[in-house]
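Morning, everyone. Please have a look at the structure on the screen. I'll keep this short.

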Amino acid sequence: MQITSFKQYEEDFKKSVENPEQFWGEVAQNFQWRKPWYKVLSWDFKEPNIKWFEGAKLNITENCLDRHLEKNGDKPAIIWEPNSHEEESVTLTYKMLHERVCRFANVLKRNGAKKGDRICIYMPMVPELAIAVLACARIGAVHSVIFGGFSAKSIADRINDSQCKLVITADGAYRGSKQIPLKDVIDDALIGCPTVEKCIVLTHVRTPVSMLKGRDVWWEDEVKHVNDICEAEEMDAEDMLFILYTSGSTGKPKGVVHTCGGYMVYAGYTFTNVFNYQPGEVYFCTADIGWITGHSYIVYGPLSQGATSVLFEGIPTYPTPSRFWDIIEKHKINTLYTAPTAIRSLMSYGEGPLEGKDLSSIRVLGSVGEPINEEAWHWFDEKIGHGKAPIVDTWWQTETGGIMISPIATVTPTKPSFATLPLPGIQPILVDENGKEILGNDVMGNLCIKFPWPGMLRTTYGDHERCKQTYFSTYPDLYFTGDGCLRDQDGYYRITGRVDDVLNVSGHRIGTAEVENAINMHAGVVESAVVGYPHDVKGQGIYAFVINPEMHGEAELTKKDILQTVTRVIGAIAKPDKILFVSGLPKTRSGKIMRRILRKIAEGDTANLGDTSTLLDPNVVEEIIEAAKALK
Ligand code: PRX
């Protein structure tokens, strides 16, 4: 199923559009099924109701583990690089990973977990995180991994939304020179989570933690009570595999649901093609498993293809900004898949950290999560790829399950800052505000997808109507991505960023409404409005306009209190970069905040604010502009 020439890409693409069922049916033959499907696809974007590989039975872990054992059992599946460069890295072969997954799957069963139960995972980037994920899949339990940077309240909201029965965590996590007390955060969260019966705790940093009788058990003790034989649960292709919470433009984060068969086929197919993965190569994706990139391209995609996947616990700048380059040299990495924010951050240290580093193993480079600016693209190309490694700028989303628009390494001619062309099976279209398709090239519009693909979300957990409203109602019969996009004269796609109220801060997706709600929870705050602004390293920064709060001490202290409130409510990743106290917000006569104006002010572009005739009080704008100038 690997595409090796542009001609083949064109042929496959054509086939995938003309006869999608035949195309995906053939791709799916490359995976292991217990029972074949009777229908490749049935779909309707109105409801939406999407089913791939109906009637088929499988277990994704048999595809990620068991099927490699005979020929590649001793091949490294996961290479773990710890936070500390002084600590030894750990290699788990497919055999070892299989054994540990089975053993831990038995631990889950021993603690009452069964098929269909939801299990929350809140862990550091250690091999046991991948083991926990796969163990859930082994027994047919649905994992909901939560990124280690979220607060107790965010965790509780997510656990309650999907009524998790079990939590898997660790005592703590290392993050560069810092330690994060994961179990403490979980303890706070669980005060408000009545559905959780058990919490399995991995020892990692060995800090003191509270262990509640009847609820909390140690990972290391539990594995002693079970053996390593665990038959995989037979799953229907459309059974739920996992839930992953993500932010939207309104309300609380929603639980995006992915199912077993289609997701597996799509993650595996896109992995092998986009990165042109060759047997024996070492592949390094720097994302966290708490996000979709880690799910699809550290765990499921690479392992389904028998690849060697590097799992890194630390951060790119610890102990020095040479860390990524040291890891590449040490493990002879062939593919590096990272985010533009990391590239920009490392660029800012100049060439010093690269001196004397052997990056000659690099064959393919990848970028994900946000638009990559041309400067970062060229730096990545020249300094890391030495002009020889194709860069795959991969556009996709939590909801799409896998990469959608991207070059295919060694096949698609690349162009700086362009995600280039849709992968086979993907039918993107650009529409104007009224949903009318924008045809031809050299055009811009809102990016939609008009035909289903196997990795797409099926619903949002517990609220199908929300899924319908968010993705399938803006433009009838289309999946709306929320992104703006241009198609250039060559038909190449360039993603220009979100067109809704979703921010992309350091590749992390955050809803402005979520941040506003968190700020408004501060006792002294009455109202606030949050917008994004261009940020040199983060891509976008968070700018909060807050109506003069009740001060407790100096204004700067009150700002810090607000930041602390946001950290408590969501997590440190959602902390505003700038807070401006104002006496009012620009509102229309009907009371709607004119965010367009606030965005302009945040960008420092106040010369042309556009139409302000509907403003209730134009003086407010003048005042905000003046105050913004004084803010550093
Ligand atoms: O705006 C797009 C941006 O990230 C959003 C999806 O975020 P999330 O669901 O967290 O998934 C991120 C990792 C797949 C998109 O709507 N985005 C993602 N990749 C790119 C991108 N923007 C531009 N170029 C990309 N390559």
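This is a predicted model: local features need pLDDT of at least 70, side-chain atom pairs count only at pLDDT 80 or more; totals for chains, interfaces and linings use all residues.

Cysteines, then. The cut-off here is a pair of cysteine sulfurs within 2.5 Å.

Take Cys-193. Its closest cysteine sulfur is in Cys-120, 8.2 Å away, so the gap is too far for a bond. Is Cys-193 buried or exposed? Buried, at 5% relative accessible area.

Now Cys-285. Here the closest cysteine sulfur belongs to Cys-64, and the separation is 15 Å. Again, that is too far for a bond. Cys-285 is buried too, with relative accessibility of 1%.

Next, the helix residue. Val-265 sits in α9, which runs over residues 260–274. Its relative accessible area is 0%, so Val-265 counts as buried. Where does Trp-24 come in? In sequence, Trp-24 and Val-265 are 241 residues apart. In space, their C-alphas are 8.5 Å apart.

Last, the surface. Which residues form the negative patch? Four names: Glu-47, Asp-161, Asp-463 and Glu-465. Let me pick out Asp-463. You'll find Asp-463 in the loop that links β23, residues 459–460, to α14, residues 464–471. Asp-463 has a relative accessible area of 37%, so it is partly exposed.

Notes: Residues are numbered from 1 along each chain as its sequence is written. Side-chain values use heavy atoms; hydrogens and water are left out. Patches are made of residues with over 30% relative accessible area and no salt bridge: like charges are joined within 9 Å, nonpolar side chains (Val, Leu, Ile, Met, Phe, Trp, Tyr) within 5 Å. Accessible areas come from the Shrake-Rupley method with a 1.4 Å probe; for residues, only the protein chains shown count as cover. A salt bridge is a side-chain nitrogen of Lys or Arg within 4 Å of a carboxyl oxygen of Asp or Glu. Lys and Arg count as positive and Asp and Glu as negative; His and the chain ends are not counted. The place of a charge is taken as NZ of Lys, CZ of Arg, CG of Asp or CD of Glu. Helices (H or I, at least four residues) and strands (E, at least two) are DSSP runs, numbered from the N terminus. Buried means under 20% relative accessible area, exposed over 50%, partly exposed in between (1.4 Å probe, protein chains only).
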